[in-house]
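This report is meant to be read alongside the sequence and the coordinates. Please have both open before going on.

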Amino acid sequence: MNAIYNFLENSSRLRTVLFWVWMLSAAGFVFFAYTQSMTVGQSFSETLQHPAIALSFLVACMSVIQSVMLKVAESENPQTVRLFGIFSVVQQILVGNLIAALVAFFLVRSLRFEDRTEQFAPQWRWALVGGMVLIGVLTLLTLIARYNQMTPGS
């Protein structure tokens with residue numbers, strides 16, 4: 001039990017785990033979509049024409065973007081990682097990636113005692129803020145599209 005607690009308090013390991021959860025989930029989806037296209041006898045681009053698969057592909061692409069943004073935040077300071085982690089928890093819950101949301105939550109929790117007076121992203125502020133806005137808008141569009149898929153008559 002102590003080993004689990006120590007792991008959940010190690011922000012460096014949690015950043016690595018979160019990075020790989022995002023990368024492997026994106027790679028796993030691409031592999032799934034590719035195998036689906038091969039079993040049906042379609043090309044990969046034809047498979048992406050299905051709305052549900054296209055939306056999932058968009059979420060997979062957002063995961064790759066977020067993993068790169070995590071590395072950029074990591075190069076800044078712990079306060080930047082913490083704020084990006086809070087954003088990621090909310091965003092991952094909205095898109096349904098609960099494993100990544102849980103890892104991001106524990107990452108934020110592991111940084112709770114870090115200095116909060118540091119400035120958010122002193123070097124890469126506009127890149128991170130722009131990326132977070134992009135991910136936020138894409139998440140909103142994904143939610144709207146999924147809602148429209150689920151409503152009858154659409």
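## Basis and overall fold

This is a predicted model, in which local features need pLDDT of at least 70 and side-chain atom pairs count only at pLDDT 80 or more, while totals for chains, interfaces and linings use all residues. Residues are numbered from 1 along each chain as its sequence is written, and side-chain values use heavy atoms, with hydrogens and water left out.

The protein chain contains seven helices and zero strands, and along the sequence its pattern reads α-α-α-α-α-α-α. Helices (H or I, at least four residues) and strands (E, at least two) are DSSP runs, numbered from the N terminus. Taken along the principal axes, the C-alpha atoms fill a box of roughly 55 × 35 × 30 Å. Of the 154 residues in the protein chain, 36% are buried, where buried means under 20% relative accessible area, exposed over 50%, and partly exposed in between (1.4 Å probe, protein chains only). Among contacts between residues at least 6 apart in sequence, 73% join residues at least 24 apart; contact here means heavy atoms within 4.5 Å.

## Helix pairs

Two packed helices are described by the angle between their axes and the distance between the axes. Axes are lines fitted to C-alpha atoms, for helices over the stretch in contact, and angles run from 0 to 180 degrees between N-to-C directions.

| Pair | Axes come within | Crossing angle |
|---|---|---|
| H2 (residues 11-40) and H4 (residues 51-76) | 9 Å | roughly 155 degrees |
| H4 and H5 | 9 Å | roughly 165 degrees |
| H2 and H6 (residues 98-110) | 9 Å | roughly 160 degrees |

The axes of H2 and H4 cross at roughly 155 degrees, which makes H2 roughly antiparallel to H4. Angles under 35 degrees count as roughly parallel, over 145 as roughly antiparallel, 65 to 115 as roughly perpendicular and the rest as oblique. On the H2 side the contact includes Leu18, Phe19, Trp22 and Phe29, and on the H4 side it includes Phe57, Val64 and Leu70. The residues of this contact of H2 with H4 divide into 13 nonpolar, five polar and three charged. In this classification Ala, Val, Leu, Ile, Met, Phe, Trp, Tyr, Cys and Pro count as nonpolar, Asp, Glu, Lys and Arg as charged, and the others, Gly among them, as polar.

H4 and H5 are likewise roughly antiparallel to each other, and H4 passes H5 in a left-handed crossing. Among the residues making this contact are Met62, Met69 and Leu70 of H4, together with Phe84, Phe87 and Val95 of H5. By class, the contact of H4 with H5 has nine nonpolar, five polar and two charged residues.

For H2 and H6, the axes cross at roughly 160 degrees, which makes H2 roughly antiparallel to H6. H2 passes H6 in a left-handed crossing, and the residues that meet include Leu14, Leu18 and Val21 in H2 and Ile99, Val103 and Leu107 in H6. The contact of H2 with H6 is made up of 11 nonpolar, two polar and one charged residue.

H6 has 13 residues and reaches 18 Å from its first C-alpha to its last, close to the 18 Å expected at 1.5 Å a residue, the expected span being 1.5 Å times one less than the number of residues. Its buried residues are Ala100, Ala101, Val103, Ala104, Leu107, Val108 and Ser110, and the buried residues of H6 pack against helix H1 (2-9), H2, H4 and H5.

In H7 (residues 125-150), the buried residues are Leu128, Gly131, Met132, Ile135, Leu138, Thr139 and Thr142, and the buried residues of H7 pack against H4 and helix H5 (78-95).

Leu18 lies in helix H2 and is buried, with a relative accessible area of 1%. Leaving aside its neighbours within four places in sequence, Leu18 is in contact with Leu70, Ala100, Val103, Ala104 and Leu107.

Ala121 lies in the loop between H6 and H7 and is buried, with a relative accessible area of 0%. Phi of Ala121 is near 45 degrees, a positive value in a residue other than glycine.

Key. Left-handed = near helix turned anticlockwise from the far one by under 90°.
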